[in-house]
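Hi everyone, thanks for coming. Have the model open on your screens, please.

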Amino acid sequence: MGRAERSSPVALDRNGSWLRALPVENGRWRIRADLSRTDKTFQRRVIRIEDQRFWLHPGVDPISLVRAVGSAAIRGRITSGASTLTMQTARLLEPRPRNIGSKLIEMVRAMQLEARLSKREILALYLTLAPYGGNLEGVRAASLSYFGHEPESLTNGEQALLIALPQAPEGRRPDRFPDTARRARDTVLGRMIRAGMITEAAGQEAETEALPRRSPFPSNAWHISGQLARAADQKTATVQSTIDAGLQARLEPLAAAYARGQGPEATAAILVVEIEGRAVRAVVGSAGLDRPGGWIDMTRAVRSPGSALKPFIYAMAFDDGKAAPDTRIQDVATRFKDYQPENFDRVFRGEVTASEALAHSLNVPAVAMMEKIGPRSFLGRLENVGVELVRPDTGRPDPGLAIALGGEGITLRDLAVLYCALGDEGLAKPLAFTQGDAARNSRSGGRRLVGAKAAADVLDILRDAPGPKGRIPSALTRGGPGLAFKTGTSYGFRDAVAAGVAGGYVIIVWTGRADGGARGGLTGREASLPLLFDVADLVGGERSAPPPIAPKAAPAGLQRLEKADAGPRLIFPPDRATVQVEAFGPGSRGLALAAGGEGLSWYIDGEPIPVEPVTGKPIWRPAAPGFYAVKVIDKAGREAKARVRIKGG
């Protein structure tokens, strides 16, 4: 049974479209037959022509054997065969020279097969191993290569050709010897007419069918379809995946276009999961096999998530009652034992709410929140739902606070598990790549990551995060749901991640280099978020009105909407605020001043504060602790003032 066990199942999409099968030894296409997907009329005709007593004999047909021996004795040569389909299957399993000794062995092997397998299993085995010319073995490989479709529905001419080919597969190949193939096909059609299987008119019509040429096999959803085909049980002929071939076909060129725009070494990956049942609808493992490292499935690679794990830190803190969306947090220079984080833009915002800190991906508040829930507790809750972060080998036994900012690795697939939990009221379930797994997930209760209220609060915050410049998902303009999203950028700009939840789907995208090389300045917001929005436009989410915007406590400077002629509105630092800084003087990080208005000029104790050339923002670096007078003046000469106390760290 060795050759049969080395056949490959076919991975199909959710609607039954062929995605991919894998060749076996020496590049042979031995595609496992699936009788449920093979034309029933064709099966009956194969049996009628090749072995009409197939359902009755024990592997050897005594009647055919006596007739063949008698005919040979009378005419002095073999004029008719006695091989049953079971004997032919035995010969295909163990090829031997064609002689009397081999024939006797085939008879013994045929009876052994009959004792071990059912008749349908033997027929499926024959239709898996039968040669059809070149490197084609099995009726599915032949039908797809010659006719361009599965053998679910075959014309009379196609059936006759598939019956004729295994008797002389090389000499009757329609792509090389069309005249010989036509004669063999027409001979089988004649036998069908004489046996009453088709009418003479139908036979004549079938003779007019053009002979086919070979076509290449489909190779769609290359990474995931190959993975499913390799992982399938040996007796499985067909793997019905959850992949939507149409969506997959639209996303693959999109990923390729984004990768090309980010340099010759760049690649991209996309994962789309329907939250119901966790059915994976698209897996774009790379930007194409022609890109560097394109054969690597980046949805399975361990990469740094950057800030993409921050929503789960806040969700756990909300769930544990340690914080709420309106909890105020200090975004100032802070040292957590031996760890001192800083914001991506190296600017601190002072006092902010938890909602604002998450929406703007501020680092210090995220680390402070992680300190509240504890890194061990955070990792333990992830592991409880089947997600394990990969820690770098630092020699330290305890996980550090740096995991809040992407200090540990995760796969895009595990990241999708977590974001699906946010979209499913805090319940986590494994991703489903087959229809059977999706059905089981729909019946399963899953494992709780966070409570439903905490998950909803975090999604509300992420929906209010600022999107790419000038972009909103088209689903929103059509009355669809808003996109809740988060981006992440790893150290050295190696990984640019964007994750989103909208319309019953979770979308994870990544751009970077397959070899993990650094890329200058490409952040998750710049390199992956536009791709996330484009994917969201292509994914058919459920239609619904966007959720109402919940009122939030505003910063002190924005509690009232001032009239247009009221002058500048001082936002930071607010009047009578006490601000803590880490260091003083020109070498310090400083404080980013903020106000509403146009043509603003800033003064501290009467001294002007220039705008930084890199950030375009006014940065104040106090020289010493104490009280200061802050003034901002707009182009119309109107001003706003604040009295501020500065403290040392």
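So, which side chain does the side chain of Ser145 make a polar contact with? The partner is the side chain of Arg214, at 3.2 Å. By polar contact I mean a pair of N or O atoms within 3.5 Å; within protein, one must be able to donate a hydrogen and the other to accept it, and residues adjacent in sequence count only if both atoms are side-chain atoms.

Before we go on, a quick word on where this comes from. This is a predicted model, so local features need pLDDT of at least 70 and side-chain atom pairs count only at pLDDT 80 or more, while totals for chains, interfaces and linings use all residues. Residues are numbered from 1 along each chain as its sequence is written, and side-chain values use heavy atoms, with hydrogens and water left out.

Back to Ser145. You'll find Ser145 in helix 7, residues 139-147. Helices (H or I, at least four residues) and strands (E, at least two) are DSSP runs, numbered from the N terminus. Is Ser145 buried or exposed? Ser145 is buried, because its relative accessibility is 0%. Here buried means under 20% relative accessible area, exposed means over 50%, and partly exposed is in between, with a 1.4 Å probe and protein chains only. If we skip the neighbours within four places in sequence, Ser145 is in contact with Leu136, Arg213, Arg214, Ser215 and Phe217. Contact means heavy atoms within 4.5 Å.

Let's zoom out. The protein chain has 649 residues, and 52% of them count as buried. Its secondary structure comes to 22 helices and 23 strands. Take the contacts between residues at least 6 apart in sequence: 68% of those join residues at least 24 apart.

Now for a helix on the inside. What do they pack against? Asn363 is found in helix 15, and Asn363 counts as buried because its relative accessible area is 10%. Just after helix 13 comes Gly321, with a positive phi of about 75 degrees.

That brings me to phi. Most residues other than glycine have a negative phi. Here are two that go the other way. Ala221 isn't a glycine, yet it has a positive phi of about 45 degrees. Ala221 sits in the loop between helix 10 (200-207) and helix 11 (222-231), and it is buried at a relative accessible area of 1%. Then there's Arg278, also not a glycine, with a positive phi of about 60 degrees. Look for Arg278 in the loop between strand 6 (266-274) and strand 7 (279-284). Arg278 is buried, with a relative accessible area of 0%.

Let's look at another arginine. Arg513 is in strand 14, residues 505-513, and Arg513 counts as partly exposed because its relative accessibility is 22%. The side chain of Arg513 makes a polar contact with the side chain of Asp515, at 2.7 Å. Leaving out neighbours within four places in sequence, the contacts of Arg513 include Glu265, Thr267 and Arg303. And how far apart are the C-alpha atoms of Arg513 and Gln262? They are separated by 9.9 Å, although the two residues are 251 residues apart along the chain.

Last stop, the cavity. On a 1 Å grid over the protein atoms alone, a cavity is a set of points where a 1.4 Å probe fits but cannot get out, and lining residues have an atom within 4 Å of a point. Grid points are joined across faces, edges and corners, and a volume is the space filled by probe spheres set on the points. The count here is 1 cavity of 30 Å³ or more. The largest cavity has a volume of about 50 Å³, and its lining includes Phe42, Tyr126 and Leu162. Helix 2 gives the largest share of that lining, 3 residues.

Notes
1 Å grid on protein atoms, 1.4 Å probe; cavity = no way out; pocket = protein on both sides within 12 Å on 5 of 7 lines; lining within 4 Å.
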